Amino acid sequence: MQHTILVVEDDNAFKTSVKEYLTRLSYQVESVSSAEDALEKLKTCPVDVVLTDILLQGMDGLALTRIIKERYDMEVLVMTGYQAEYSYEEAVRTGASDFIFKPFRFKELELRIKRVLREATLKRERNRLLKEMEQLAITDALTGLYNSRQFFRQIKQEIERNERYQHHLSLLIMDIDHFKQYNDTWGHLEGDKVLMDIGRIINACMRSMDTAYRYGGEEFAVLLPETDLQQACVVGHRIMKRIGQESFEPESGVHRSITISVGAGELAPGEDAISFIRRTDQALYRSKENGRNRLTYDDC
C-alpha cells in the first residue's frame, strides 16, 4: 500500500529536496507552501501524514495541526529550526504525532515517518477491535439485533430525550406464538433459524430512526422515536403481515408458518421506563389471551 504525504513548507528549496527524497522511498508526495493551501488540498486529497514546518506565512504549523486533528483522521509530523522557541510537549498538545528539529538527516525523517505510520496502523486496529467488542456487548449473537441490556439503556435515553423535546415515543413488544411447541417438535436448531429469520424481517420493516431488540427468548421489542401510537400500530401490523407470509421448512418437504402477538404502547407524560414497558407488555399478553396473532395497544 502506497502512503501519501503532504509537505507544508514555504522554503521552496527545502520543500523540493524533502519531496524528492520521500518520492524515492516510494511515497506519494504532495506539497504546498502555506497552511491555507494545505487545508484546501486536504479537502480533495486523502493523506496519511502531513509534514509541516511551524513557521509559515499566515497560519502557523501548530494552528494547522489543531485544525487537521479536529477535522481528519491523519497523522501530523511537525518540524522546526527554532529549538529554543518550541517544545515537543507543545507540539504534542496540538495533536502532532511527532516533532523533528531542522536541520535533520533524511534518514532520521524516514525513520520517524515509518514509526508514525506504524503507530497509526496499530491505533486504527486497536480502535477497530474496541468497536467490535463494544458491538458484541450490545448485540444478540443469534439475531444480530440489539440485546436486552442495550434495550434498557436505550429506552432510558429515549425517555430523557422525549422529556426535553416533547416528541412522541412508542414501543412494540412481540412474542412468537406457540414457539415452545415448535422447538419441542423440530428441535432448538430449527427454532434458532426461526429466531434469526424473524430478527431479519423485523429489521427490514423498520425505519432508520427505529431500533430493534431481542428482548427475551422469543420476545422482540422495537423502539419508535417521534412516533405516536397510531403510527406504531401500522409498523406492528406490517411486521406481523411480513412474518405471517414467511414459510419455514424445519425438515425437507415440511413447511410451517409462524405468527406473532404484539403489544403496542406510547409513552405517557412523566412516565418512567418500567411503567412504559409494563403497560406495553400487558398489551402483549392481552393479545395472547385473546387468541394470539393479533396486535393490542395500550392507550393509557
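With which residue does Glu158 form a salt bridge, and how far apart are the closest N and O atoms? In this predicted model, local features need pLDDT of at least 70 and side-chain atom pairs count only at pLDDT 80 or more, while totals for chains, interfaces and linings use all residues. Residues are numbered from 1 along each chain as its sequence is written, and side-chain values use heavy atoms, with hydrogens and water left out.

The partner of Glu158 is Arg161, and the closest N and O atoms of this salt bridge are 2.7 Å apart. A salt bridge is defined here as a side-chain nitrogen of Lys or Arg within 4 Å of a carboxyl oxygen of Asp or Glu. Both residues belong to helix α6 (residues 148-165), where three residues, about one turn of the helix, separate them. Helices (H or I, at least four residues) and strands (E, at least two) are DSSP runs, numbered from the N terminus. Glu158 counts as buried because its relative accessibility is 10%, whereas Arg161, at 35%, counts as partly exposed. The terms rest on relative accessible area: buried is under 20%, exposed is over 50%, and partly exposed is in between (1.4 Å probe, protein chains only).

In the whole structure, 25 salt bridges are found. One of them joins the side chains of Glu246 and Arg200, with an N to O distance of 3.2 Å. This pair links distant parts of the chain, 46 residues apart: Glu246 is in the loop between α9 and β9 (247-251), and Arg200 is in helix α8. Glu246 is classed as buried at 16% relative accessibility, and Arg200 as partly exposed at 41%. A further salt bridge connects Arg207 with Asp210 at 2.7 Å, N to O. Here Asp210 is buried, at 5% relative accessibility, and Arg207 is partly exposed, at 29%.

The nonpolar interior was examined next. A nonpolar core is a set of buried Ala, Val, Leu, Ile, Met, Phe, Trp, Tyr and Cys residues joined through side-chain atoms within 4.5 Å. The largest such core has 30 residues, of which Leu172, Met174, Ile176, Val222 and Ile239 touch the most other members. Two or more residues are contributed by each of β6 (169-176), α7 (179-186), α8 (188-205), β8 (219-225), α9 (229-244) and β11 (260-266). Helix α9 supplies the largest share, seven residues. Beyond four places away in sequence, the residues touched by Leu172 include Phe220, Val222, Val235, Ile239 and Val262; contact means heavy atoms within 4.5 Å.

Another core, of 22 residues, lies apart from the largest one and has Val47, Ile67, Ala91 and Phe99 among its members. Ala91 is located in helix α4 (residues 88-93) and is buried, with a relative accessible area of 1%. Its contacts, leaving aside neighbours within four places in sequence, are Leu62, Ala96 and Phe99. The C-alpha atoms of Ala91 and Met79, twelve residues apart in sequence, are 9.4 Å apart.

Two strands pair if DSSP finds at least two bridges between them. Within this pairing, Val7 stands opposite Ser31 in β2. Together with helix α1 (residues 12-24), the two strands make a right-handed β-α-β unit; right-handed means that, with the strands pointing away from the viewer, the path from the first strand over the helix to the second runs clockwise.
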